[in-house]
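Take a look at the model below. The walk-through starts with the overall layout and then turns to the ligands.

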Amino acid sequence: MHILFAASEVAPYAKTGGLADVASALPKALQKLGERVTVIMPRYDSIHVGEVVCQYLPVPFGYGHKPIRIFREEMGTVPIYWIDAPEYFHRGKDIYGHSDDPERFAFFCRALLETAKWLGVPPDVIHLNDWMTGLIPVYLRTVYSYDPFFADTSTLLSIHNMAFHGYFDPRQLPYFGLSPDLYTSDGGLEFRGTASMLKGGLVAADALSTVSRRYAQEIQTSEFGFKMEGLLKARRHDLIGILNGVDYEIWNPASDHYIAAHFTPEDLSGKRTCKADLLSRFHLPQELDRPIIAVVSRISDQKGFDLIQEISGRLLQAGAFFILLGSGDARYENFFQRLRDAAPHRVGVYFGFNNEMAHRIEAGADIFLMPSLFEPCGLNQIYSLKYGTVPIVRATGGLDDTIQEFDRITRNGNGFKFIPYKSNKLLEKIYEALILYQDRELWQVIMKNGMQADHSWDVSAKKYLDVYRALQNR
Ligand code: ADP
Ligand code: GLC
């Protein structure tokens, strides 16, 4: 089977969040299962690797055609192709957040299909990811509907986050090469008075998936569906939740080349070295028996920062270090900078994106906080498990599917979780964790429960393969 994987970010080339990790790991896992996989993404100006394989390919768009170049390299063993269109993708360090984002990614969708044709091997499945790829099935069902090249091509849209809709002005449809007739509410791209690329994908893709079973249920409710719950409910028989996995070649304390020492469940001594290293990098005192509570995250309301802000004083009073790596909402950045200034011997902050530091934090911290308001899957809690960094999470989406509350009697469970989105509930769990931390023997049990579990992509990649096969047999 030929699977074409379409994504707006792929690690390590461009990454703002978990989508990039998935887009790099899942194709590799599918290839390991014996499938042919090709990845296509935009060529941002931060990407300097790869070679030009096509100097000029005209893509129908706008008032005529826009030319692209195509670059390629092997991502490990999987071929990755980049669509080079400087007008759209050379935007400095921010890959999203530009006023013409819908046009940029509409172009990506169209250019991807032209690139697929240029490659010459018809895809059996195009695996789409989030709103940035939402117009691909719309193009397939309209301008390419009689194109023999795509006659046997099916599409699967993976929803990584329902919060982002890719809104655009419907008057742009002709510029995108699409008929204004598509602007209807029932089965079209209209969504609450504007047009949405996500909705386009949700109505036009042959199958839908999201990144945990729990989130697949949640998005069919008004609490999590971002007003698209009706549509998702109507398509529930085409919707499946498949939990993200981890690429243990990259996130593994036994071999991670970013961290100060290696460790395994059998020999945890290296974790203490990593803790010392982490404390020194954040200019914190070498108090190795004091627990480190850490956060690595996009700083946004989704991730529960209002709760963390509310309890931060109590957290310090309870005797823990607090380390935060993240970037985003300035309100929170300012707050945590002030917290650091008030307690420089207890708090460490780094505002910005730093992959190496993310690895060092996973390795050196004791406890990882992820009190998300909603969380389609969440990868950091799963990375934390592998590094023996015990997660405290809110029971939502993939956090609920991956974290089981620790039980002192049976000694089962890998973390702590609370249900109501309330700061005192988070605080209770922090207190519980800090008390358990004092019992070194039990703490090692909870650490090892997490470290020994297998969250590799093997299982989930097979589930995707089942979906692709079902699409082929339709
Ligand atoms: P989301 O995709 O919603 O941001 P995930 O938990 O799925 O959440 O994935 C986040 C990914 O981004 C993880 O690999 C995490 O390590 C990484 N990450 C988030 N913020 C930063 C940062 N400031 N620096 C480095 N890596 C980060
Ligand atoms: C999104 C979600 C996150 C998920 C990631 C990868 O960014 O917010 O929960 O893990 O996509 O699927």
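What follows covers the domains, then each ligand in turn.

This is a predicted model. The domain assignment gives domain 1 (2–245 + 458–473) and domain 2 (269–454). Their C-alpha centres lie 33 Å apart. The contact draws on 20 residues from domain 1 and 20 residues from domain 2. The size of an interface is often given as the accessible area lost when the parts come together. Here domain 1 and domain 2 bury about 1400 Å² between them. Carbon and sulfur atoms account for 60% of that area. On the domain 1 side, K15, R214 and L243 stand out. These residues supply 28% of the area that domain 1 buries against domain 2, more than any other three residues.

Now ligand 1. Domain 1 and domain 2 both give residues to its shell, so ligand 1 lies between them. The shell holds 22 residues. K15, G18, R298, K303 and G352 are the closest.

Which elements build the shell around ligand 1? Helix 1, strand 13 (292–299), strand 14 (321–328), helix 11 (355–364) and helix 12 (380–386) each supply at least two residues. Strand 13 gives the largest share, three residues. By class, the shell has eight nonpolar, nine polar and five charged residues.

Oxygen atoms of ligand 1 make several polar contacts. A backbone N or O atom of G18 lies 2.6 Å from one such oxygen. For D21, a polar side-chain atom lies 2.8 Å from an oxygen atom of the ligand. L379 contributes a backbone N or O atom, also at 2.8 Å from a ligand oxygen. Of the 14 residues around ligand 2, H160, N244, E375, C377 and G378 come nearest. Helix 1 (residues 18–32) gives the most to this shell, with three residues. By class, the shell has six nonpolar, six polar and two charged residues.

Which side chains place an N or O atom by an oxygen of ligand 2? In N244, the distance is 2.8 Å. In Q302, the distance is 3.2 Å. G378 uses its backbone instead, with a polar atom 2.8 Å from an oxygen atom of ligand 2. Taken alone, ligand 2 exposes 310 Å², and the protein buries 93% of that.

Terms used: Residues are numbered from 1 along each chain as its sequence is written. Chains are lettered from A and ligands numbered from 1 in the order in which they are written. This is a predicted model: local features need pLDDT of at least 70, side-chain atom pairs count only at pLDDT 80 or more; totals for chains, interfaces and linings use all residues. Side-chain values use heavy atoms; hydrogens and water are left out. A residue is near a molecule or strand if one of its heavy atoms lies within 4 Å of it. A polar contact is a pair of N or O atoms within 3.5 Å; within protein, one must be able to donate a hydrogen and the other to accept it, and residues adjacent in sequence count only if both atoms are side-chain atoms. Accessible areas come from the Shrake-Rupley method with a 1.4 Å probe; for residues, only the protein chains shown count as cover. Helices (H or I, at least four residues) and strands (E, at least two) are DSSP runs, numbered from the N terminus. Ala, Val, Leu, Ile, Met, Phe, Trp, Tyr, Cys and Pro count as nonpolar, Asp, Glu, Lys and Arg as charged, and the others, Gly among them, as polar. Domain bounds come from an automatic or database domain assignment. Contact means heavy atoms within 4.5 Å. Buried area is the accessible area (1.4 Å probe) that two parts lose on being put together, summed over both.
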